[in-house]
Amino acid sequence: MHRVLVPGTFDPITLGHLDVIRRASGMFDEVVVGVAASTNKRGGTLFTLNERIDLAREVTAEFENVEVMGFDNLLVDFAASIDVTAVVKGLRATTDFEYEFQMAMLNFRLAPELETFFVMSSPDYMYVSSSIAKELASMHGSTEGIVPPLVGEALAKRLGK
Ligand code: PNS
């Protein structure tokens, strides 16, 4: 039985995140999408933890082996508490690599038994990020192809002037 964790801030969840979750759900028995409180993120988050969890739940509802949970502790501690054996993260480009490499090394030091897998982003989502979705929405740009429609509506509601 392989149960894995796909962690992130998901502020908000994008089609790039969904692609990683969909591929993880095809490869592993159970997938937990872990939404980090990320309270120390610079500038804070646009959506509250509960809002980010709700959006992630709604857009992953179609995957039977995916569940969404929030966490506000260390990733390695959360992973141990929910019995996952590995973390799955998406990699878009070399710009992601340095940060993800640092996190993977740190997590390895803290919990060597917890494996980290990287999934290369599909070329369609290489440039997609929560930040560009927020910037587009704040300037009335279309977020089609960047976030699921439901998330686009939530962004427009929160940021549309
Ligand atoms: O979507 P993000 O912001 O790239 O996700 C980063 C995340 C949430 C995976 C990372 O910040 C994280 O693991 N947060 C939990 C706290 C933790 O373990 N931090 C690492 C040691 S300081």
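This briefing looks at one helix contact and at aromatic ring pairs in the structure above. Please keep in mind that the model is predicted. The helices in question are helix 2 and helix 6, whose axes come within 10 Å. The count of aromatic pairs comes to three, and two of the pairs, F28 with F117 and F71 with F78, are described here.

**Helix 2 and helix 6**

- Helix 2 spans residues 49-60 and helix 6 spans residues 149-159, and their axes cross at roughly 155°.
- Because angles over 145 degrees count as roughly antiparallel, helix 2 and helix 6 are roughly antiparallel to each other.
- On the helix 2 side, the contact is made by E51, L55, E58 and V59; helix 6 brings in L150, V151, A154 and R158.

**The F28–F117 pair**

- The ring centres of F28 and F117 are 5.8 Å apart and the planes stand at 45°, so this pair is tilted.
- F28 sits in the loop between helix 1 (15-27) and strand 2 (30-36), while F117 belongs to strand 5 (residues 115-120).
- F28 counts as buried at 16% relative accessibility, whereas F117, at 38%, is partly exposed.

**The F71–F78 pair**

- F71 and F78 form a stacked pair, with 4.5 Å from centre to centre and 5° between the planes.
- F71 counts as buried, with a relative accessibility of 8%.
- F78 counts as buried too, at 5% relative accessibility.

Notes
Residues are numbered from 1 along each chain as its sequence is written. This is a predicted model: local features need pLDDT of at least 70, side-chain atom pairs count only at pLDDT 80 or more; totals for chains, interfaces and linings use all residues. Side-chain values use heavy atoms; hydrogens and water are left out. Axes are lines fitted to C-alpha atoms, for helices over the stretch in contact, and angles run from 0 to 180 degrees between N-to-C directions. Helices (H or I, at least four residues) and strands (E, at least two) are DSSP runs, numbered from the N terminus. Angles under 35 degrees count as roughly parallel, over 145 as roughly antiparallel, 65 to 115 as roughly perpendicular and the rest as oblique. Contact means heavy atoms within 4.5 Å. Rings of Phe, Tyr and Trp (its six-membered ring) pair if their centres lie within 6.5 Å; planes under 30 degrees apart count as stacked, over 60 as edge-to-face and the rest as tilted. Buried means under 20% relative accessible area, exposed over 50%, partly exposed in between (1.4 Å probe, protein chains only).
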